Amino acid sequence: MDERATVLTTAVEEVKGKIPILAGTGTIDPEHVKEMTLQAIDIGCDASLVVTPYYVKPPQRGLVKHFLTMADLGLPVVIYNIPGRAMVDFKPESIALVADHENIIGVKEATGDLTRVDELRELTGDKLLLLSGDDSSDAEFVMRGGDGCISVVANLAPKAKHDLMMAALRGDKAEMERIGNQLKPLNKKLFIESNPIPAKWAAMRMGLIPTAYCRPPLDELDKKFYSDVDEAMHAAGLVGEIYTGDAVML
């Protein structure tokens, strides 16, 4: 909790009032979610991103109770639905049951299923921000009625991802295709090993961070994938020269 406090305090000091500060406060234990959410409130964060409790596979009624309980704490909540990692899918009809709570403001939908936009809009109207959590389909998600994305790729190519989202919101298919084609290899290769392993290596490659270290049980990117990630970065215009050996050329 001390380390989280340092990170959140730094974010508040640097960007409070400039951009919304969305603090991740989700985990498997509801009591720990409460603790982290209350900490985020005290520090001055604007909202919380709360993932569905993973591994334990709660029923839909349990998920409804969980998110209503967290919303009652007073901090606006963005629901994070990522069944591929959490092993539970918060269904649109269940999300609709919590959408009327004043502090439930959005959904990060990371199923990659574009029909979720249609279902959620039909069931909840404009009550919720609909945010894609899947880089490979986020532009299409927005074109179908979504509001934006929460992105892995944006950590490395924020302007390109911003421009892609704006093109999708305008309905500019030609510009969306142009930017999307540039980012397509990155969308794939940043998941060549578990996220955030490739993204941290790429950030180091760009000189954004000093090391690609990931805490155990994760590890640094396997050397056999260096060229794959590097070629994708080159295609996106993030690096000039292609990686060719054991040393990383910055």
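This is a predicted model: local features need pLDDT of at least 70, side-chain atom pairs count only at pLDDT 80 or more; totals for chains, interfaces and linings use all residues.

Modeller: Residues are numbered from 1 along each chain as its sequence is written, and side-chain values use heavy atoms, with hydrogens and water left out.

Colleague: How many aromatic pairs does a search of the whole structure find?

Modeller: Rings of Phe, Tyr and Trp (its six-membered ring) pair if their centres lie within 6.5 Å; planes under 30 degrees apart count as stacked, over 60 as edge-to-face and the rest as tilted. Searching the whole structure on that basis, the number of aromatic pairs is two.

Colleague: Are the rings of Phe-67 and Phe-90 stacked or edge-to-face?

Modeller: Their centres are 5.2 Å apart. The planes of Phe-67 and Phe-90 meet at 15°, so the pair is stacked.

Colleague: How many residues apart in sequence are the parts that this pair ties together?

Modeller: Helices (H or I, at least four residues) and strands (E, at least two) are DSSP runs, numbered from the N terminus. Phe-67 lies in helix α3 (residues 60–71) and Phe-90 in the loop between α4 (83–86) and α5 (92–98), so the parts tied together are apart in sequence by 23 residues.

Colleague: Are Trp-201 and Tyr-226 buried or exposed?

Modeller: Buried means under 20% relative accessible area, exposed over 50%, and partly exposed in between (1.4 Å probe, protein chains only). On that scale Trp-201 and Tyr-226 are both buried.

Colleague: Which element gives the largest share of the lining of the largest pocket?

Modeller: On a 1 Å grid over the protein atoms alone, a cavity is a set of points where a 1.4 Å probe fits but cannot get out, and a pocket is an open set with protein on both sides within 12 Å along at least five of seven lines; lining residues have an atom within 4 Å of a point. The largest pocket has a volume of about 2100 Å³, a volume being the space filled by probe spheres set on the points, which are joined across faces, edges and corners. Elements giving two or more residues to its lining include β2 (47–51) and α8 (158–170). The largest share, six residues, comes from α8.

Colleague: How many charged residues are in the lining of the second largest pocket?

Modeller: Ala, Val, Leu, Ile, Met, Phe, Trp, Tyr, Cys and Pro count as nonpolar, Asp, Glu, Lys and Arg as charged, and the others, Gly among them, as polar. The lining has ten nonpolar residues and no polar ones, and its charged residues number one.
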